[in-house]
Amino acid sequence: MEIPALVGAGLIVIGAGIGLGKIGGSAMEAIARQPEATGKIQTAMIIIAALLEGLAFAALILGK
Amino acid sequence: MHRNLGTEFLHVMQKRTVVKILLIFTLVFNVANLFAKEPEKEEDGGQVNTKSQIDTYIEHHLQDSHDFTLWSDGETGAHVGFPLPVILWDNGLKVFSSSKFHHGETVAKVGDQHYKLDHGKIYKTDAEGTINYDEHHHATNVKPLDFSITKNVVTMLIVGVLMLLMFGGLAKSYKKGALPTGFGRVLEPLVIYVRDEIAIPNIGKDNYRKFMGFLLTVFFFIWILNLLGMTPLGVNVTGNIAITVCLALFTYFITQFSANKEYWKHIFWMPGVPVLMKIVLMPIEILGTLTKPFALLIRLFANITAGHVVIMSLIALIFVADNVYVMTPISLLLTIFISVIELLVAFLQAFIFTMLSALFIGLAVQDHDHH
């Protein structure tokens, strides 16, 4: 039986969601601990999130 | 005893949560089914398949086109918009207006050659306009080299002129005094933002000036095009993979050509690791230089495409709904919500692209003395 491509897309989204949740959660903790470093933490968070997003999108497009 | 009670309680609670979740799911699915209409049978008794029509509409929007159509009337077949010049290289230069195609319905006769549009691409054909397909439903006709001024090209030219006027004006206003006048007051903080938040932290104080031109251009180019994609003009430039490939190639070549000795050393002969590791790391590092711009181009393309598809699908909910009066406000609210998010994404993607470009350039030009 062939597994539909949408199942793969779902798996990718689950993985990306877990990753983004971890990044966001850690950033929140870091900001709570050091509110004066908010700007730097946010920038780093966005970069990591973007790298993860790029990976997820690459998988989604290649899998299509 | 206590423990037993505890586990018992937990068990009951878990069961309840499961039941609750199931209840919510059935509710949601029922509501969704209430609004979703069964697709009409294809061309059955004069009725049209709404879902496939929506699919083609969205697909058509995402593609580049040879005419600038603002909207069209499905019943009368009228298109509101303007044709664009078609420039072909096919045994000599051929220039004609795209109105000859009549939006892909007719064959364009230029000189003694016939051309026809198929899925937005120009193919050579005969007087009847026959187009042959292979088993994958791809046209097998000869494709002439197409240098046309398409919708995307027109949009990019407009953005280019707009940026030239905006930033030319800003640059000129500094000759009069330290404070910019007019619209320059809006632009100055943005330029300083790119310099202080993107260029200097990533490239470093000594080297950043050389790359400011590229970073500023790419930032405003992507941002303005993303924003134009949200207007009713219906342009989708940054959601076109050819354009994001070009932008990423710029980053790639600028990074490679401005790289210093240390950068190449780290790629071909990583210092500080055993020789065997050096040999293993070399192909990985070379591949790494390619995957960086690849991720850059995929991210921008996929984000903008996804945004356009989501907004159009939400609007399309109106047309597949059974009860239009219930679905229209829901669809409108969802569309407004996603549109606001897309406004943020438009900025964020421009920021991320510039940021990562600066990061890659910074990695290539910085001194690695601290190792």
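What is the handedness of the crossing of α6(B) and α9(B)?

Reply: In this predicted model, the crossing of α6(B) and α9(B) is right-handed. Helix α6 covers residues 241–258 of chain B and helix α9 covers residues 324–365 of chain B, and their axes come within 8 Å and cross at roughly 15 degrees. Because of that angle, α6(B) counts as roughly parallel to α9(B), the cut-off for this term being an angle under 35 degrees. On the side of α6(B), the contact is formed by B:T251, B:I254, B:T255 and B:S258, and these meet B:S357, B:F360, B:I361, B:A364 and B:V365 of α9(B). Sorted by class, this contact of α6(B) with α9(B) holds 5 nonpolar and 4 polar residues, with no charged residues.

α6(B) also packs against α8(B), at an angle of about 145 degrees and with the axes 9 Å apart. Here too the crossing is right-handed, as α6(B) passes α8(B). From α6(B), the residues in this contact are B:I241, B:T244, B:V245, B:L247, B:A248, B:L249, B:T251 and B:Y252, while α8(B) contributes B:P293, B:L296, B:L297, B:L300 and B:F301. By class, the contact of α6(B) with α8(B) divides into 11 nonpolar and 2 polar residues, and no charged residue takes part. B:T251 belongs to the contact with α9(B) and is also listed in the contact with α8(B).

The two partners of α6(B) lead on to the other chain. The contact between the chains takes 7 residues from chain B and 11 residues from chain A. On the side of chain B that touches chain A, α8 (275–320) and α9 each supply at least two residues, and the largest share, 4 residues, comes from α8(B). That side of chain B is made up of 6 nonpolar residues and 1 charged residue, with no polar ones.

For chain A, an unreviewed UniProt entry lists residues 6–23 and 44–63 under "transmembrane region". In the model, residues 6–23 of chain A are 100% helix and 0% strand, with the end C-alpha atoms 25 Å apart. Residues 44–63 of chain A are likewise 100% helix and 0% strand, and their end C-alpha atoms lie 29 Å apart. The unreviewed UniProt entry also places "domain: V-ATPase proteolipid subunit C-like" at residues 8–62 of chain A, a stretch that is 93% helix and 0% strand, with end C-alpha atoms 11 Å apart.

Chain B also contains strands. An open sheet of 3 strands runs in the order β4-β3-β8 (chain B), with antiparallel pairing. Since β4 (93–97) and β8 (145–146) of chain B stand at the edges, each with a single partner strand, one side of each is left without a neighbour in the sheet. Strand β3 (residues 85–89) of chain B is joined to β4(B) by 5 bridges, and B:L88 stands opposite B:K94 in β4(B). A further open sheet of 3 strands has the order β5-β6-β7 (chain B), again with antiparallel pairing, and its twist averages 35 degrees from one strand to the next. In this sheet, 3 bridges join β5(B) to strand β6 (residues 113–118) of chain B, with B:K109 standing opposite B:H114 in β6(B).

How values were computed: Residues numbered from 1 in each chain as written. Chains lettered and ligands numbered in written order. Predicted model: local features only at pLDDT ≥ 70, side-chain atom pairs only at ≥ 80, totals over all residues. UniProt positions renumbered as here; feature names shortened; annotations may be inferred. Axes fitted to C-alpha atoms, helices over the stretch in contact; angles between N-to-C directions. Parallel < 35°, antiparallel > 145°, perpendicular 65-115°, else oblique. Left-handed = near helix turned anticlockwise from the far one by under 90°. Contact = placed C-beta atoms within 7 Å. Nonpolar A, V, L, I, M, F, W, Y, C, P; charged D, E, K, R; others polar. Pairing = 2+ DSSP bridges.
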